[in-house]
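Please read this briefing alongside the sequence and the model shown below.

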Amino acid sequence: MDNKLGFKPIPAAIAVGLALLIWFVIPVPEGVTPQAWHLLAMFVGVIAAIIGKAMPIGALSMVAVMLVAVTGVTAEKPVDAIKDALSSFASPLIWLIGVSIMISRGILKTGLGARIGYLFISLFGKKTLGIGYSLALSELLLAPVTPSNTARGGGIIHPVMKAIASSYDSDPEKGTQGRIGKYLALVNYHSNPITSAMFITATAPNPLVVDIIAKATHSDIQLSWGTWALAMLLPGLAAMFLMPLVLYFIYPPEIKETPNAAQFAKERLNELGAMNRGEKIMLGIFALLLILWAGLPAMLFGSGWKVDATTTAFIGLSLLLLSGVLSWDDILKEKSAWDTVTWFAALVMMATFLNKLGLIAWFSGVLENSIEHLGLGWVGASALLLLAYMYAHYMFASTTAHITAMLGAFYAAGIALGAPPMLFALLMAAASSIMMTLTHYATGTSPVIFGSGYTTLGEWWKAGFVMSVVNLLVFVVIGGIWWKVLGYW
């Protein structure tokens with residue numbers, strides 16, 4: 001029998017200590033109710049535990065649900081308290097991501113993802129830069145239906161990238177990573193944050209961003225899948241175009257001509273053979289999902305043909321199950337999907353009630369007053385908030401924890417200081433993915449690729465900071481102009 005504790009004592013002690021400090025020691029500020037302050041104490045404790053990895057995030061979520069229900073901070077009656085604690089399990093946005101992760105299992109199971117990667121390399125892989133763009137294009141094509149950015153960048157693209165690097169004897173263990181592997185590994189990684197910013201369904205925390213923005217604007221801004229995709233299309237493509245070039249300049253590969261790579265990819269495609277039944281069905285469902293998420297039936301035939309984004313995801317999953325491409329056992333084994341539904345529901349619930357109890361409004365007011373005294377105007381104020389929000393990610397090992405902890409208050413403060421709501425919403429949404437570039441622990445994909453050993457820690461952080469600046473400038477300048485053309489602000 002395993003006698004180990006279910007938590008790490010030191011991170012757990014720190015998390016509990018922070019929660020107790022806020023609950024019992026720090027006085028409740030004027031304008032904040034005791035219930036809101038106590039919920040904040042639990043919320044800070046949970047976020048600290050997530051950052052410190054005191055327990056798996058799903059397990060922590062169960063503890064969070066229990067605490068909210070037991071303490072009754074949201075309702076006096078126990079029956080109402082547990083209803084509040086479980087309320088977010090009915091959120092369509094949470095199930096959109098959970099079901100989409102289940103769908104992405106089909107891309108891995110059928111081998112369609114690897115085929116797409118090798119296909120692009122066979123077409124554009126005669127130069128190292130061309131291989132870089134091939135990896136980026138593969139990422140982009142898979143992003144709309146792969147909400148696990150870790151599965152996409154680390155599970156699908158990374159093995160393809162390693163195979164190409166190995167074919168040129170570029171191996172960290174041999175000290176030859178500079179030949180081609182270092183450059184390709186960085187392109188492999190830095191494609192991930194950009195594609196994550198381009199679609200609601202490209203990374204799990206994006207629906208959380210949608211939910212927080214909707215609550216902050218009293219549902220005046222509800223970003224649909226199509227609105228988000230259209231808004232991020234031009235700046236996203238521009239960032240994807242620049243990224244391989246910037247990394248090529250920072251860390252130029254020793255091998256620049258790669259005529260054998262295209263042949264290698266063609267050989268791999270020959271080994272895979274013709275598309276099998278599963279791949280064809282997966283590709284068809286892939287196309288159907290994009291059509292429905294983009295709202296094309298409603299555009300062509302009227303609003304009566306509109307299909308909700310979460311309903312679309314359930315259509316895709318149902319078709320995969322009915323066709324036999326995925327089995328129910330495949331779905332049950334997709335732990336990341338069930339884990340995501342669990343921790344999303346807990347964190348969204350806590351963030352929702354922090355907002356309902358007035359804590360977010362109070363904190364955003366504190367931010368607003370602090371920045372207002374600087375006399376920066378809305379442009380300077382929103383820029384300061386955006387930069388503080390994004391670069392705070394150096395302190396976070398979870399984008400979800402970061403977004404849950406900071407986005408609501410920072411966004412509300414920006415709006416109060418005069419920033420156009422839609423413009424600031426899109427910038428904060430983009431920053432919520434761009435911040436993944438910064439460190440080797442920024443998101444689940446980073447330790448997978450960094451752990452392969454192609455770069456040093458210093459090289460990774462340097463590339464991360466440079467790309468964060470480049471990406472942010474692209475989304476601010478090109479994005480700002482594009483959104484103005486679209487009439488979003």
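## Salt bridges and overall picture

The count comes to nine salt bridges, a salt bridge being a side-chain nitrogen of Lys or Arg within 4 Å of a carboxyl oxygen of Asp or Glu. This is a predicted model, in which local features need pLDDT of at least 70 and side-chain atom pairs count only at pLDDT 80 or more, while totals for chains, interfaces and linings use all residues. Residues are numbered from 1 along each chain as its sequence is written, and side-chain values use heavy atoms, with hydrogens and water left out.

**Charged pairs**

- Side chains of opposite charge can pair when their charged atoms come close.
- Glutamate 139 and arginine 152 meet through their side chains in a salt bridge of 2.5 Å, N to O.
- This pair links distant parts of the chain, since glutamate 139 belongs to helix H7 (residues 128-142) and arginine 152 to helix H8 (residues 149-167), 13 residues apart; helices are DSSP runs of H or I with at least four residues, numbered from the N terminus.
- Glutamate 139 is buried at a relative accessible area of 0%, and arginine 152 is buried at 0% as well, where buried means under 20% relative accessible area, exposed over 50% and partly exposed in between (1.4 Å probe, protein chains only).
- Lysine 174 and aspartate 169 form a salt bridge of 2.7 Å, N to O, in which lysine 174 is exposed at 53% relative accessibility and aspartate 169 is partly exposed at 31%.
- In the salt bridge between lysine 215 and aspartate 211, the closest N and O atoms are 2.6 Å apart.
- Lysine 215 and aspartate 211 are separated by about one helical turn because they stand four residues apart in helix H10 (residues 206-216).
- Lysine 215 is partly exposed, with 28% relative accessibility, whereas aspartate 211 is buried, with a relative accessible area of 15%.
- Elsewhere, salt bridges that share partners join Asp169, Lys174 and Arg179 into one network.

- Glycine 154 lies in helix H8 and counts as buried at 14% relative accessibility.
- Leaving aside neighbours within four places in sequence, glycine 154 is in contact with Asn149, Pro159, Thr445 and Val448, contact meaning heavy atoms within 4.5 Å.
- The C-alpha atoms of glycine 154 and asparagine 192 are separated by 9.3 Å, although these residues are 38 residues apart along the chain.
- Asparagine 188 is found in helix H9 (residues 181-198) and is buried, at 1% relative accessibility.
- Not counting residues up to four places away in sequence, asparagine 188 touches Glu139, Gly153, Ile157, His158, Met161 and Ile449.

**Domains and nonpolar core**

- The protein is divided into domain 1 (1-88 + 347-353) and domain 2 (93-205 + 225-333), with bounds that come from an automatic or database domain assignment.
- Taken over C-alpha atoms, the centres of domain 1 and domain 2 are separated by 36 Å.
- The largest nonpolar core has 160 residues, and those with the most contacts inside it are Met232, Met350 and Tyr389; such a core is a set of buried Ala, Val, Leu, Ile, Met, Phe, Trp, Tyr and Cys residues joined through side-chain atoms within 4.5 Å.
- This core draws at least three residues from each of domain 1 and domain 2.
- Methionine 232 touches Ala197, Met198, Leu237, Leu426, Ala429, Ala430, Phe475 and Trp483, not counting residues up to four places away in sequence.

**Nonpolar surface patch**

- A nonpolar surface patch of about 850 Å² is made by Ile10, Ile14, Val16, Leu18, Leu20, Leu21, Phe24, Val25 and Ile26.
- Patches are made of residues with over 30% relative accessible area and no salt bridge, with like charges joined within 9 Å and nonpolar side chains (Val, Leu, Ile, Met, Phe, Trp, Tyr) within 5 Å; accessible areas come from the Shrake-Rupley method with a 1.4 Å probe, and for residues only the protein chains shown count as cover.
- Isoleucine 10 has its place in helix H1 (residues 9-25) and is exposed, with a relative accessible area of 64%.

**Positive phi values**

- Histidine 218, in the loop between H10 and helix H11 (225-250), has a positive phi of about 55° although it is not a glycine, and this residue is exposed at 69% relative accessibility.
- Serine 219 lies in the loop between H10 and H11 and has a positive phi near 70°, with a relative accessible area of 42% that makes it partly exposed.

Notes: Helix = DSSP H or I, 4+ residues; strand = E, 2+ residues; numbered from the N terminus.
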